[in-house]
Amino acid sequence: MKAVAVIGYKNTGKTTFVCRLVEKLASKGKVGTVKIMHDHRFDSPEKDTGKHFDSGAENVTAVSEEGVVSIQRGAGLDEALEVLADRGMEYAIVEGATNSDLPKIMLGEMEEEAGNVVLRLAPCSDWDMDEVAGIVHQTSEFVTLNSMINKIRHIPEFPLTGSIGTFTGVVRGETDDISTKMLEFEKYESVADERIEKICNDLKQREGIIEVLIHHKSGRLMRGDDIVYIVVASAHRQELFKALSDAIERVKSEVPIWKKEVTMEGDFWVHDHA
Amino acid sequence: MWDSRVAWPILERLGRLDCGSNPRYPTTILHVTTNFNEYFINQPDMGKAMAAKKVRLFANIREKAGTSEVEVNGDTVSEILDEIITKYPDLEELIFEDGKKLRGYINILINGENVQHLEGTDSAITEKDEVAIFPPVSGG
């Protein structure tokens, strides 16, 4: 899923921009949007849903003919984007989120420093939405395990699938006496992508293996975070588990990615201890 | 004494046209000649100075060098490694073991291909190639 944020002061035309971008992208794939609101209560305490919430419900969902609204206590932008990715959105447009690390489209000028601005446009203009769509397509993907499974469910060969298996690599917190605070992953991007693609293609040559998807995160990951997702779709379960197992072994031995461990005792590059 | 028809294209290629006045006029041949000789005296390896190669470094090698990309001269992997060690002596113990032997676990790629599948440290490098040096991988 491509995820971008549209930022700018009031009256710069953000909502109009988002709507035009939704229209443009909807012809290419499913679009989800997120609106960042401040000081807003979704349901007044007089309404049934408000009463549910005030009684202590963590999550209150309202279902109507129109659809579903879910009020999730304590959730934020990350969770909102995960929900969109899990539901198979191909694009997520966020109105707001100046402080996030999403790639940003800025309308007009802003005094604050906003990171990762990929496009600056004039406010309230006749923007070239094809140009904007092009920029959106160049941003990095927001991937969740469920978005990968969703992708597999929609490939043309899916009817041949009898089983789907997944592997998730996780940042282990405790190893013997060592407590890990976080891991930092460095990638040789272009070559890593090529090697991952080769692993997927090699495994797909095997009898009964229909699709293999691999996604490895990079940058800083905290203890308990997910590192790598592997999803395999096969005709029968017999060939599934070996393919999953071989996939992770090959990722670990062939893909140019390096792990630096940050522990309570100090930092070290993992191969130093090998 | 160099004919300007000989000196001119050579100097042009070297990017060093230190001629005081219009070099088309024969009267400046001597001036050009002097600079040409001086140039040779001062720049013994100027043939290689043209083609600086970009080498990408990763992980602890990048940290030790303090940079993720270095520009060095050399036409083979061996030559650029020598240059890198000269410029970044701290890298020597990471990359080589005794007697200038490349450590077995160090990977060198040219355009994503390991030099072990090419001509090893004798593999040739041009300016268009992307070279990368890194320690054992540890992803996943």
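# Exercises on a predicted two-chain model

Chain B has 6 helices and 7 strands (DSSP runs numbered from the N terminus: helices are H or I with at least four residues, strands are E with at least two). This is a predicted model, where local features need pLDDT of at least 70 and side-chain atom pairs count only at pLDDT 80 or more, while totals for chains, interfaces and linings use all residues. Residues are numbered from 1 along each chain as its sequence is written, chains are lettered from A and ligands numbered from 1 in the order in which they are written, and side-chain values use heavy atoms, with hydrogens and water left out.

## Exercise 1

Solution. 
- Step 1: along the sequence, the pattern is α-α-α-β-α-β-α-α-β-β-β-β-β.
- Step 2: of the 140 residues of chain B, 39% count as buried (under 20% relative accessible area; exposed is over 50%, partly exposed in between, with a 1.4 Å probe and protein chains only).
- Step 3: take the contacts (heavy atoms within 4.5 Å) in chain B between residues at least 6 apart in sequence; 49% of them join residues at least 24 apart.

## Exercise 2

Is Lys2(A) buried or exposed?

Solution. 
- Step 1: locate Lys2(A) in strand β1 (residues 2–7) of chain A.
- Step 2: the relative accessible area of Lys2(A) is 12%, so this residue is buried.
- Step 3: look for partners beyond four places in sequence. Lys2(A) contacts several residues, including Glu90(A), Tyr91(A), Val136(A) and His137(A).
- Step 4: compare sequence and space. Lys2(A) and Glu90(A) are 88 residues apart along the chain, yet their C-alpha atoms are separated by 6.3 Å.

## Exercise 3

Solution. 
- Step 1: Ser147(A) sits in helix α5 (residues 145–153) of chain A.
- Step 2: Ser147(A) counts as buried because its relative accessibility is 14%.
- Step 3: beyond four places in sequence, Ser147(A) touches Ala85(A) and Asp86(A).
- Step 4: Met148(A), Ile149(A), Asn150(A) and Ile152(A) are among the buried residues of α5(A).
- Step 5: the buried residues of α5(A) pack against α3 (77–86), β8 (163–170), β11 (209–216) and β13 (226–234) of chain A.

## Exercise 4

Classify the packing of α1(A) with α4(A).

Solution. 
- Step 1: α1 (residues 14–26) and α4 (residues 129–138) of chain A pack at about 75°, with axes 10 Å apart. Axes are lines fitted to C-alpha atoms, for helices over the stretch in contact, and angles run from 0 to 180 degrees between N-to-C directions.
- Step 2: α1(A) is therefore roughly perpendicular to α4(A) (65 to 115 degrees; under 35 is roughly parallel, over 145 roughly antiparallel, the rest oblique).
- Step 3: Phe17(A) and Leu21(A) of α1(A) are among the contact residues, as are Val132(A) and Val136(A) of α4(A).

## Exercise 5

Classify the pair α6(A) and α7(A).

Solution. 
- Step 1: the axes of α6 (residues 189–204) and α7 (residues 240–254) of chain A come within 10 Å and cross at roughly 155°.
- Step 2: the two helices are therefore roughly antiparallel.
- Step 3: contact residues include Arg195(A) and Ile199(A) in α6(A), and Ala243(A) and Asp246(A) in α7(A).

## Exercise 6

How many residues of chain A are in contact with chain B?

Solution. 
- Step 1: 25 residues of chain A contact 18 residues of chain B.
- Step 2: the area buried between the chains is about 1,700 Å² (accessible area, 1.4 Å probe, that two parts lose on being put together, summed over both).
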